[in-house]
Amino acid sequence: MSDECFSFETKLLHNRHKFDVTTGGVSVPIQHASTFHQSSFDKYGKYDYSRSLNPTREALEEQIAELEGGVRGFAFASGMAAISTAFLLLSKGDHVVITEDVYGGTFRIVTQVLSRFGIEHTFVDMTNLQAVKDAIQPNTKVFYVETPSNPLLKVTDIEAISQLAKAHNAYTFVDNTFLTPALQKPLELGADVVLHSATKFLSGHSDVVAGLAVVKDEELGNQLAFLQNSFGAVLGVQDAWLVMRGLKTLSVRLEQSVTNASKLANYLKDHPLVKNVYYPGLSDHPQYELQKKQAKSAGAVLSFELESEELTKFFVENVKIPVFAVSLGAVESILSYPAKMSHGAMPKNEREKRGISNSLLRLSVGLEHVDDLIADFSNALSNAIAVVK
Ligand SMILES: *Cc1c(COP(=O)(O)O)cnc(C)c1O
């Protein structure tokens, strides 16, 4: 049986890097060397300098490429380093059509950095294909998708956007942080570049900051390799190892978190103090069918809006289990406040235009027992009723 036919779960553990060929060690060795001795005067080995290529980082790069179904992977110092480096594929005068409820850091680089280098952008609601078509310009080179989006969990049709992009000779970039290749494979749906904050589900333990990119085209891979080496925002070897350790349990972690998230979403949906629940696994979510079609499940992140900001504050101060923090995709549940955290970099009017109100909370569901989470939420909400009344 070749590795090719292994299922995703098996590939997480059994791949070319399952043991070190020199010692048999069942963990990828951490190669700290920055430089590599060359034994010939003028014929050099594969490795020469660790910014360009390092065997530990390379092991992670090969693993993510295989898991996403691509030909080449790249590891960066953070998700933003991966995203920023991918944007360097563009040149002055190019234009990006980008989803409007994009990650706050991506919003920042597009509006405040790329704009200074003459790279233009148009934000659109990517769930509306007509709006996407209307935003296309002769110089559009990239369609930038994040699905489900952050924090409102809107779902974009990756296949439809990729077809539009191809028809206009443009690339499709997909930020796959929320679902990971365990649940969604953008390259198979036609995307050209998949991007990750590996800080989140891929590593999964809130203990490393990392970013990944994967392409399915060799030529695009060469260009990105050139940019990774030129820009130099590579992932360190200890951190590459931590991401690989996290990857081994990706499937089981997600399975549990998704089950919990779905139960919590259903609980919140029926609670009288909860105004809205945003979760693509709920049958009344506007893109419920699309999510079912293009991904294996709805993921482990949901958002919900309470009746007022006062109530939201009270709830956060009273809920005990989740950590109240930025970030997501960890073994522990993480509750965050998008208006002040992930989208703090976005001006208030832009935020409100996108429906990110001061009563919106985002929850990344972890591995706790779901009954404990529901009891905790229930308690915080019923205390809140008493106070707010
Ligand atoms: C966190 C995140 C990023 C940025 O990644 P860092 O590792 O924090 O640089 C990008 N996109 C999404 C969807 C994220 O959640």
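**Two prolines in a loop, and beyond**

Modeller: Pro 151 has its place in the loop between β4 and α6. Everything described here belongs to a predicted model. The peptide bond that joins Asn 150 to Pro 151 is cis, with omega at about 5 degrees. Pro 148 lies in the loop between β4, residues 140-146, and α6, residues 158-167. Thr 147 and Pro 148 are likewise joined by a cis peptide bond, for which omega is about -10 degrees.

The UniProt record, an unreviewed entry, places the feature "modified residue: N6-(pyridoxal phosphate)lysine" at Lys 200. Lys 200 sits in the loop between β6, residues 193-197, and β7, residues 211-215. Its relative accessibility is 9%, and because buried means under 20%, Lys 200 counts as buried. When neighbours within four places in sequence are left aside, Lys 200 is in contact with Thr 177, Ser 327, Leu 328 and Gly 329.

The loop between β6 and β7 also holds Ser 206. Phi of Ser 206 is near 50 degrees, a positive value in a residue other than glycine. At 45% relative accessibility Ser 206 counts as partly exposed.

Ser 327, one of the contacts of Lys 200, also has a positive phi, of about 85 degrees, although Ser 327 is not a glycine. Ser 327 is placed in the loop between β10, residues 323-324, and β11, residues 334-336. With 24% relative accessibility, Ser 327 counts as partly exposed.

Thr 85 provides a helical example. This threonine is found in helix α3, which spans residues 79-87. Its relative accessibility is 0%, so Thr 85 counts as buried. Apart from neighbours within four places in sequence, Thr 85 is in contact with Phe 76, Leu 224, Leu 227, Gln 228 and Phe 231. Between the C-alpha atoms of Thr 85 and Leu 302, which are 217 residues apart along the chain, the separation is 29 Å.

Two helix pairs complete the account. Helix α2, residues 55-68, and helix α9, residues 237-247, have axes that come within 8 Å and cross at roughly 35 degrees. The crossing of α2 with α9 is left-handed. From α2, the residues Thr 56, Arg 57, Ala 59, Leu 60, Gln 63 and Leu 67 meet Val 237, Ala 240, Val 243, Met 244 and Leu 247 of α9. The residues of this contact comprise eight nonpolar, two polar and one charged.

For helix α10, residues 250-269, and helix α14, residues 370-388, the axes come within 10 Å and cross at roughly 25 degrees. Since angles under 35 degrees count as roughly parallel, α10 and α14 are therefore roughly parallel to each other. α10 passes α14 in a right-handed crossing. Asn 260, Lys 263, Leu 264, Tyr 267 and Leu 268 of α10 meet Val 370, Leu 373, Ile 374, Phe 377, Ser 378 and Leu 381 of α14. The residues in the contact of α10 with α14 divide into eight nonpolar, two polar and one charged.

How values were computed
Residues are numbered from 1 along each chain as its sequence is written. This is a predicted model: local features need pLDDT of at least 70, side-chain atom pairs count only at pLDDT 80 or more; totals for chains, interfaces and linings use all residues. Side-chain values use heavy atoms; hydrogens and water are left out. UniProt positions are given in the numbering used here, feature names are shortened, and annotations may be inferred rather than shown by experiment. Helices (H or I, at least four residues) and strands (E, at least two) are DSSP runs, numbered from the N terminus. Buried means under 20% relative accessible area, exposed over 50%, partly exposed in between (1.4 Å probe, protein chains only). Contact means heavy atoms within 4.5 Å. Axes are lines fitted to C-alpha atoms, for helices over the stretch in contact, and angles run from 0 to 180 degrees between N-to-C directions. A crossing is left-handed if the near helix is turned anticlockwise from the far one by less than a right angle, and right-handed if clockwise. Ala, Val, Leu, Ile, Met, Phe, Trp, Tyr, Cys and Pro count as nonpolar, Asp, Glu, Lys and Arg as charged, and the others, Gly among them, as polar. Angles under 35 degrees count as roughly parallel, over 145 as roughly antiparallel, 65 to 115 as roughly perpendicular and the rest as oblique.
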